[in-house]
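Subject: Structure for you to look at

Hello,

Here is the structure I said I would pass on. Please open it next to this message and follow along; my notes come after it.

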Amino acid sequence: MTQRVLLINVVGLTAPLLRQMPNLSALASQGAMTQLATVFPAVTCSVQSSMVTGLMPNQHGIVGNGWYFRELGEVLLWRQSNKLVVGEKVWETAAGRFDDYSSANVGWWYAMNAGHDVIVTPRPVYHQDGRKSPDCYVVPSDLHDILTEKLGTFPLFQYWGPTANIASSRWLVDASVEILRRYSPTLLTAYIPHLDYDFQRYGPHSEQAAAAAADVDAALAPLLGFAAERGMTTIVVSEYGIAPANNPVDINRLLRREGYLNVYAQQGREYLDPWTSRAFAVADHQVAHIYVREHSDIARVAALVQESDGVDEVLDREGQRTLAIDHPRSGELVAIAEPGAWFTYYYWLDDNRAPEFAPCVDIHRKPGYDPAELLMNPDDRAVKVRATAALVKKLVGLRYTMGVVGLTGTHVGGTHGRLPDSDDDTPVVITSVPELLSDAPARVSATAVRDLILDAHVRQRAR
């Protein structure tokens, strides 16, 4: 019988954090741990896709958490279809090698339209009157009501946004245990997001970050214990480490002031117009894909961005090749922020003209990543009062806008995306089976996680 494997993705996990994490420390001591050489860009969707395909971003095509879909003329982040990821996934390979193979995905990205037997992924209900309610997408469909009855509705508003907290990670852990108990999949992949929150809000060296590490470790205890009791092989990975942030870089405002970025106006608000812009950037933490319409503008745009404060490198196609990010979905240029710096998506020059979604948590309409969504606007003393008033409107069925997000990035405390600058922000891989890492290099590539899983199936089965 094929050995069952539990793959846990603890976002932001690094070796120094284990001082606050006794359960994961014990797993590392009894098993093995080494550093993980992540891929560029070191962001969720790119790294996860490399782990499950064994390919680099220029091969699997996931060049970030989102990009400019040239054929649609739209910037789209956080898409969910697995068909966007090119290459054979580890569960597909394993299903062809092992009899009676089954897999479950709890929270890993690109879960929808994937060949899993069991899927649980966050997906809200968008009501006809404009309201949004917490929920998740579940396969098989009857499992949805089973999980909801047992665990409660998936806590979407604790999964992202100013109220994000440990509740969502606990729910995902409990769902993983229930799925293991009910279906006994050969492979279960679980995504635990909690470290992302206070690490980005307050910085990786804050008291809140240390508390978050302890909370994650405690939340993981039931899942780690369940796997150990049933003799499963456990592999814990991390996509990236989070480094301190202190310098937001308004790359799109720079391009607009220089005449490259255009907007269109509706009802006194400004919206990015990628169709007519000569150049604009899709900001993604410390990485920005810059889409340049005319080849003749590439060199001038590259020089303009390179000279900006907070910018480390600007890669043309040749430079992108060195980091395996040269793909048709990538921008003609890719900018990398300096340590401590990160790119905002902001493109308006007057906050009174900011788009309606700007002060809201709206990951699908914003043409770039916005970590300020994790914070109740620190510059607005009345923000909690207005949030309460909006919540009352929601509860009585009225239309509402939850405009609680600040329009500057000055309060963001942590970031990631560039390759690690120190061991402290280098991710790790931990396994309960020391032999899996016995011949491994000092840093295991993210692309090697796929083979670790396959090796775990075979190695344990032979015991």
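Two strands pair if DSSP finds at least two bridges between them. Helices (H or I, at least four residues) and strands (E, at least two) are DSSP runs, numbered from the N terminus.

Two notes on where the values come from. The model is predicted, so local features need pLDDT of at least 70 and side-chain atom pairs count only at pLDDT 80 or more, while totals for chains, interfaces and linings use all residues. Residues are numbered from 1 along each chain as its sequence is written, and side-chain values use heavy atoms, with hydrogens and water left out.

(Axes are lines fitted to C-alpha atoms, for helices over the stretch in contact, and angles run from 0 to 180 degrees between N-to-C directions.)

Going through the pairs, strand 16 is joined to strand 17 by 6 bridges, and the two run antiparallel. Asp284 stands opposite Val287 of strand 17. Strand 17 (residues 287–292) is in turn joined to strand 19 by 4 bridges, also antiparallel, and Ala288 has Ala335 of strand 19 as its bridge partner. Strand 18 (residues 311–315) is joined to strand 19 by 4 bridges in the antiparallel sense; here Glu313 has Ile336 as its bridge partner.

How covered is strand 19 (residues 333–337)? 5 of its 5 residues are buried, where buried means under 20% relative accessible area, exposed over 50%, and partly exposed in between (1.4 Å probe, protein chains only). Leu333, Ala335 and Ala337 are on one side of strand 19, Val334 and Ile336 on the other, and both faces are covered.

Val287 counts as buried because its relative accessibility is 1%. Leaving aside residues up to four places away in sequence, Val287 touches Phe40, Pro41, Val282, Val334, Ala335, Phe343, Gly417 and Arg418 (contact means heavy atoms within 4.5 Å). Thr431 is 144 residues from Val287 along the chain, and their C-alpha atoms are separated by 30 Å.

Another open sheet has 9 strands in the order 9-6-5-10-1-11-22-2-23, with mixed pairing. Its edge strands are strand 9 (136–139) and strand 23 (443–445), each pairing on one side only. Within this sheet, neighbouring strands are turned by 20° against each other on average, direction ignored. One of its pairs is strand 5 (residues 103–106) with strand 6 (residues 118–122), which run parallel and are joined by 3 bridges. In that pair, Asn105 stands opposite Ile119 of strand 6. Helix 6 packs on the sheet and touches strand 5, strand 6, strand 9 and strand 10 (187–192); its direction makes about 170° with that of strand 10.

Helix pairs

Which helices come within 11 Å of each other by their axes? They are helix 5 (residues 141–151) and helix 6 (residues 166–183), and they cross at roughly 125°. That makes helix 5 oblique to helix 6: angles under 35 degrees count as roughly parallel, over 145 as roughly antiparallel, 65 to 115 as roughly perpendicular and the rest as oblique.

Helix 1 (residues 22–30) and helix 8 (residues 207–229) pack at about 50°, with their axes 8 Å apart. Helix 1 is therefore oblique to helix 8. From helix 1 the contact uses Pro22, Asn23, Leu24 and Leu27, and from helix 8 Asp217, Ala218, Leu220, Ala221 and Leu224.

A hairpin

Strand 14 (residues 263–266) and strand 15 (residues 269–272) pair in the antiparallel sense over 4 bridges. Gln266 has Arg269 of strand 15 as its bridge partner. The two strands form a hairpin with 2 residues between them, and Gln267 in the turn has a positive phi of about 50°.

Regards
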